[in-house]
Amino acid sequence: MSAAAVVEHPVLELESVNKFFGGVHAVNDMSFAIQKGELAGLIGPNGAGKTTIFNLITGVYPVSTGHIAFKGNDITNQVTHKVINSGIARTFQNLRLFKGSTVLENVMTACQQHHKYTLIEAATHMGRWGRVEKAIRSESMALLERVGLAQEANRGAGTLPYGHQRRLEIARALALEPELLLLDEPAAGMNPEEVLDLNDLIQAIHKDFHLTILVIEHHMELVMEICPHIVCMNFGALIAEGSPDDIQGHPEVLKAYLGEEVEE
Amino acid sequence: MGTLLQQVINGLSLGSVYALIAVGYSLVYSILLFSNFAHGGFLVVGGYLCYFALNTLGMNIWLAGAFSLVGAGFAAIATERLAYKPIRERTSVTLYLLIASMGMSIVIENIFVVIAGGRFRALPPVIPTNPVNVFGLATTSAFDIISLVTAVVFLGGLQIFLTKTKWGLAIRAAAYNLRIAGLMGVNVARLISLVFFVSGLLAAVGGIFLSVRYTLYPQLGMITIKAFVAAVIGGLGSLPGAVVGSLILGLSEMLTAGFLSSQLRDLVVFSLLVVTLVIRPTGLFGKNVGEKV
Amino acid sequence: MSAYTEGILILLMINGIAAMGVSLLTGFTGIFTLGHAAYLAIGSYTTAILTLDYGFHWLPAIIFGGILAMILGYLIGIPTLKLFGDYYAIASIGLAESIRLIIENWQSVTNGARGIPGIDTFTTFPVALGFFLVLAFFAFNLINGRIGRAFMACRDDHIAASLLGFHTARYRAFSLALSAFYCGIAGGLYAGFISFIQPIMFDMLKSTEMTAVVVFGGLGSMSGCLLGTTIITLVTELFRPISQYRMLIYGLVLVLVMVIRPEGIMGQNEFDMKLFRKIASYIRKPKTTSERG
């Protein structure tokens, strides 16, 4: 097989994506691309449409017009579980842990997606069941160790302090072994010290798991620190894109954020 | 032609009784977002109170009616305070309210089984049932016309209450968003009690007419299932929807019974339910509360 | 063992099988059903008809009853499973009533409201025990593993579940099919136990009872639903002499459980070492509120 020039597709590409909720133009002709291995940031003031973009990518909402491609394949309007199974994982702005289950069980639920045994083996606990369950458990524990939650493994997920719950969600997303990880405001509600720890964690998993990561934040500190590529939105549309330096002095960005600050 | 008109009037009459029940049920749903399966119990309370008032207390129909309406209203408030409030204050899981309402439905029904016995009772014939000739085209019973008129009066009264009074406005605000209504200064506890009172009252009116139509027995509340179906068809939480759904249901039932078979009538009711839920779960006028991700 | 005791134990096991079926669907997958008596009915009637009219041996007849219930459950389940919460509960009532009405009116096959008498009493103690042990083995195993976790993910947050790659619609349908199968088997065994079945035995009250037992024992606990079944069945037997109070008490239990301890007796715990360890640690060292899991 010849190693002829293979054009590497961007991991994620949005092409003129629009989304209307009734009369509200929530996403306005958004186009951008994230290359493989990037750690990129999606910023913008509250209500800019950032989470909506995640929802469109993962098939939670249908796109009104436009296309979304993952590794070169069109995933526009594909049904959610298929999108996830093709290699995308996400965390949530408002946390969506399984509160009634333990910390470990939360991760195992995600981890099992990459392991197999048949219904009969599940009903009889014979055959591969023992071996596979053990693997799921140990892999999940390893991920918990990675995010520093191993001691909490048997606690109810809902009893964790807020910052730990956010880490759990990240561990759970990692258990899906994604190629693209979408983090939705992972630092929301954290104090500055926790944000620093989170920065380290995100950079570490970016390196160790060879992931492409897209982080939504509306606080500048996290994203400016760790993301070499930043996309900035306001009112559903792209207003700036580039490196932290490009973004920092960009007049449109300042207007978007300053405007918000004045209101506060 | 005569039979068709007859069945239509029958259908509208039955539908209007269903409407009284369905509207009360939808009213509670619009505020608290849960299905009060005990609603049938209020109907039964109304029926038995009326019977008691007519027979034992010797009241005339107007007094007995008022007595039973108020009584049912208070029964509804009691149900809410005893069973639902403690759960509502503890958790936001409406499933528990659902199950509790199922339990209350059984409790109320069986209180009457124990107190009044399970046998069928006929109400004294205070509501005339003699045949009436409608414009020379069809014959129907005075009862049907009276129940239709009464339903219109009460539903009209409800409409005026909701649109022209302060509490009515509060209820409409609460139906939109209970929490915000509370933050705007509405006394939520009192509002909920009021809503239940109205709901019980309307159910009692329906209960009285149904007891005359079908005789009174503790399980009469089961007919509320049909009112639920009507409320769902019209759209859970929508009052005009409940009325429209009820009329559709009443008409379907009567037309089926008249032209197809009496046996199939209930089957048609439930088929309509399933069809509605499959094709358009929010019903004709219901609001679709999407979940924010 | 006296015949009476044996009878109670057989009934316990039959109810237990049905309870496990409902538990899988309602407790573990979070789909609140109020219409599972329909599957009981399908299983009962299939078994009765196959053994009486077609000379089947009871074993294939019961299994066939379970399979037919499962197929019907799957088919009618598919369109309704996109509904959630109250809407599904109401749909399940409608479907169950429709099935009961069809059975009641399909005279030629089911003998209508009169029912089918004279079924061979093949459900002996060993037969019931055999089915119970096998089905319990499967149920407990399933919930402890990937299927159980998938069900619970669908229950706790179906949006999060789909965003973890679960095809939630398919898991919900599977859960429904499985629960219908269990209830179908229970129905078949029931036919061979009481020897005479009528449509009225499979009404909304029966459905409510099937769900209530699971709620009482603990939504999300397989051993809980068996505990709940045992308590309710025994209490029902005890109260048989005062059966008019039986239903009243039963309704009160439902309400009280929801008000006092909605998670049921067992909550989401199972009777296993983990639970004993939990209890032991509570006794030894009472945890502070923030640590209590």
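Helices are DSSP runs of H or I with at least four residues, and strands are runs of E with at least two; both are numbered from the N terminus. In the predicted model, helix H1 of chain A, as defined in this way, covers residues 50-57. Gly59(A) follows H1(A) and has a positive phi, near 80°. Eight of the eight residues of H1(A) are buried, and the helix is therefore largely enclosed by the rest of the structure. The buried residues of H1(A) are Lys50(A), Thr51(A), Thr52(A), Ile53(A), Phe54(A), Asn55(A), Leu56(A) and Ile57(A).

Strand E3 of chain A, residues 39-43, is likewise largely enclosed by the rest of the structure, because five of its five residues are buried. Both faces of E3(A) are covered. Leu39(A), Gly41(A) and Ile43(A) are buried on one side of the strand, and Ala40(A) and Leu42(A) are buried on the other. E3(A) runs parallel to strand E8 of chain A (residues 212-217), to which it is joined by five bridges. Within this pairing, Leu39(A) has Ile213(A) in E8(A) as its bridge partner. E3(A) also pairs with strand E9 of chain A (residues 229-234), in the parallel sense and over four bridges. Here, Ala40(A) stands opposite His229(A) in E9(A).

Chain A as a whole is divided into two parts: domain 1, made up of 1-87 + 178-264, and domain 2, made up of 98-176. The C-alpha centres of domain 1 and domain 2 of chain A are 27 Å apart. Contact between the two involves ten residues of domain 1 of chain A and eight residues of domain 2 of chain A. On the domain 1 side of this contact in chain A, helix H7 of chain A (residues 192-208) gives the most, with three residues. The residues of that side of domain 1 of chain A comprise eight nonpolar, one polar and one charged.

Ser140(A) was examined individually. Ser140(A) is placed in helix H5 of chain A, which spans residues 129-146. A residue is buried if 20 or more other C-beta atoms lie within 10 Å of its own; Ser140(A) has 24 C-beta neighbours inside 10 Å and therefore counts as buried. When neighbours within four places in sequence are left aside, the contacts of Ser140(A) are Leu104(A), Val107(A), Met108(A), Cys111(A) and Ala175(A). Ser140(A) and Val79(A) are 61 residues apart along the chain, and their C-alpha atoms are separated by 26 Å.

Between chains B and C, 37 residues of chain B are in contact with 32 residues of chain C. On the chain B side that touches chain C, at least two residues each come from helix H3 (61-90), helix H4 (94-116), helix H9 (224-234) and helix H11 (264-279) of chain B. H4(B) supplies the largest share of this side, 15 residues. The chain B residues that touch chain C divide into 28 nonpolar, seven polar and two charged.

Within chain B, helix packing was also considered. Two packed helices are described by the angle between their axes and the distance between the axes. Helix H10 of chain B (residues 239-259) packs with H11(B) at an angle of about 145°, and their axes are 8 Å apart. The crossing in which H10(B) passes H11(B) is right-handed. From H10(B), the residues Leu249(B), Ser252(B), Glu253(B), Thr256(B) and Ala257(B) meet Leu264(B), Arg265(B), Val268(B), Val269(B) and Leu272(B) of H11(B). The residues of this contact of H10(B) with H11(B) are divided into six nonpolar, two polar and two charged.

Key:
Residues are numbered from 1 along each chain as its sequence is written. Chains are lettered from A and ligands numbered from 1 in the order in which they are written. This is a predicted model: local features need pLDDT of at least 70, side-chain atom pairs count only at pLDDT 80 or more; totals for chains, interfaces and linings use all residues. Domain bounds come from an automatic or database domain assignment. Two residues are in contact if their C-beta atoms, placed from the backbone, lie within 7 Å. Ala, Val, Leu, Ile, Met, Phe, Trp, Tyr, Cys and Pro count as nonpolar, Asp, Glu, Lys and Arg as charged, and the others, Gly among them, as polar. A residue is buried if 20 or more other C-beta atoms lie within 10 Å of its own, exposed if 12 or fewer, and partly exposed in between; C-beta atoms are placed from the backbone. Axes are lines fitted to C-alpha atoms, for helices over the stretch in contact, and angles run from 0 to 180 degrees between N-to-C directions. A crossing is left-handed if the near helix is turned anticlockwise from the far one by less than a right angle, and right-handed if clockwise. Two strands pair if DSSP finds at least two bridges between them.
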